[in-house]
Amino acid sequence: MKNGVGWYGLNVYMDEAYNWKTGEKRLKNGKPVVNATYKHHVETHGPLDKVGYKDIIPNFKPTAFDAEEWAELFAKSGAKFAGPVAMHHDNFAMWDSEVTRWNVKDMMGIDVTGELKKALDKRDMKFLTSFHHAFTWVYYANAYKFDATEETSDLYTDQHELTDFKPTKRFHDEWYAKLKEVVDNYQPDVVWFDWWVEELDEDYRKKFIAYYYNKGVEWGKDVVISYKNTSFPAEVGVHDYERGRPNKIKDKFWMTDTSPGAWFFRQNAKFVSPNEIVDILIDIVSKNGLMLLNVPPNPDGSIPQEMKDMLGDLGKWLEINGEGIYETRPWRVFGEGPTRIKGGGHKVEKQKIVYSDKDIRFTKKGDDTLFAIVMDAPKSDILVKTLSTSLSVLDGKITNVELLGSDEKVNWTLDDTGLHIDKPSKVPSEFALTYKISLLNEAEWGIGGEDDPE
């Protein structure tokens, strides 16, 4: 399609537009609406009962995919982990599979997951595989109105109604088998789950968690799952917010999956600015989170130049400011300033928040280093109100303030209105600036039988 569509496999079988949650037809002026994806498919490929989704899969030709190029780009972006969408809603495996014939190795001759694993391992990066195939049960439900048969049920799932949300035992078994195969063959550090896993039988979810975590022990390395909604208990994984984040610090570590544009390839795609991605990253880290950034490739497996440029800019910023991001922890408060997310949660990026030089975010390392990240190049002197001597928030005495990436001496004073920092004559980055604040913590007095201190 000219503009692309994210859920092609679901929408293509909606000859009339349905609400997949209720099965009700979408009406316009009292009449059913013809789904645009269905219309495009029929006009381009022919009737769906003759040419269905299974028949256009061979048109996927990722001839420009280069795992080394991908991994090098990810490394230069400052990422510490990366990996492929192992399987999306369309039930197509992006690895060399014996479990399903619908896989990229048998049909296209390459093992995307395996090649990326090797390339990322060379760069000492953690390896993530994402799985979205729980929702496959809903995704292809209408396919049996057209080309799906018992013979192709290994792609389309067992025949059922659109609103039948109780997957069969066979579906559960295949869901688990695909996960197990990737765990066994590629040893991912992170298995990331999209939504709808919460609709699957709990016994299968428990079975996978036990298998994967026991494998981690066997391999001698830490592994973890990430999940959405209520798919797993908070104690067994990292909760994920899709294109969102909380509006406060969370006690438990969490993550965000977001994209600089659409999740998928789209002609003439519009991407947000590198500055916005940097600001989102900072806000996430200040609240005890982690960012998983989507990189939507072209149909041939190459990465769009806009994405290369954006990842390059992100990497340059992290080269300067990474000390205030990597291996840090949230401070007592996440930040200050006029700009704050309303509510927090999934999809809050729709709010289109724009941070200014009056917005500041905090991170820390140990008890002697605090980072104050000014969210935009300052237009005037900086005032960090949270550090006011009248608030008693600081544990120690400020001994030094420096601007990361700059050799310029930082002039600062501290009083009951806050930490005053003179505007730098030159900024090391066109995006956010990071001030490293060194603290001296006075030791506590000894106890028991000692003389009073002189």
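Me: Contact means heavy atoms within 4.5 Å. Among contacts in the protein chain between residues at least 6 apart in sequence, what percentage join residues at least 24 apart?

Reply: The model is predicted, and its protein chain holds twelve helices and 18 strands. Counting contacts between residues at least 6 apart in sequence, the share that joins residues at least 24 apart is 68%.

Me: What percentage of the residues of the protein chain count as buried?

Reply: The C-alpha trace spans about 90 × 55 × 45 Å along its principal axes. The chain exposes about 22,400 Å², with carbon and sulfur atoms supplying 48% of that area. A residue is buried when its relative accessible area is under 20%. Of the 454 residues, the buried part is 51%.

Me: Which strands are included in what covers the buried residues of α11?

Reply: The cover of these buried residues includes a helix, α12 (305-321). It also includes the strands β9 (254-258), β10 (289-293), β12 (360-365) and β13 (369-374).

Me: Which residue just after α11 takes a positive phi?

Reply: Helix α11 ends at residue 286, and Ser286 is among its buried residues. Just after the helix, a positive phi of about 80 degrees is taken by Asn288.

Me: How far apart are the mean positions of the positive and negative charges of the protein chain?

Reply: The chain has 59 positive and 75 negative charges.

Definitions and conventions. Residues numbered from 1 in each chain as written. Predicted model: local features only at pLDDT ≥ 70, side-chain atom pairs only at ≥ 80, totals over all residues. Heavy atoms only, no water. Helix = DSSP H or I, 4+ residues; strand = E, 2+ residues; numbered from the N terminus. Buried < 20%, exposed > 50% of the residue type's maximum accessible area, 1.4 Å probe, protein only. Areas by Shrake-Rupley, 256 points an atom, 1.4 Å probe, with all protein chains shown as cover. Lys, Arg positive; Asp, Glu negative; His and termini not counted. Charge placed at Lys NZ, Arg CZ, Asp CG, Glu CD. Expected span 1.5 Å × (residues − 1).
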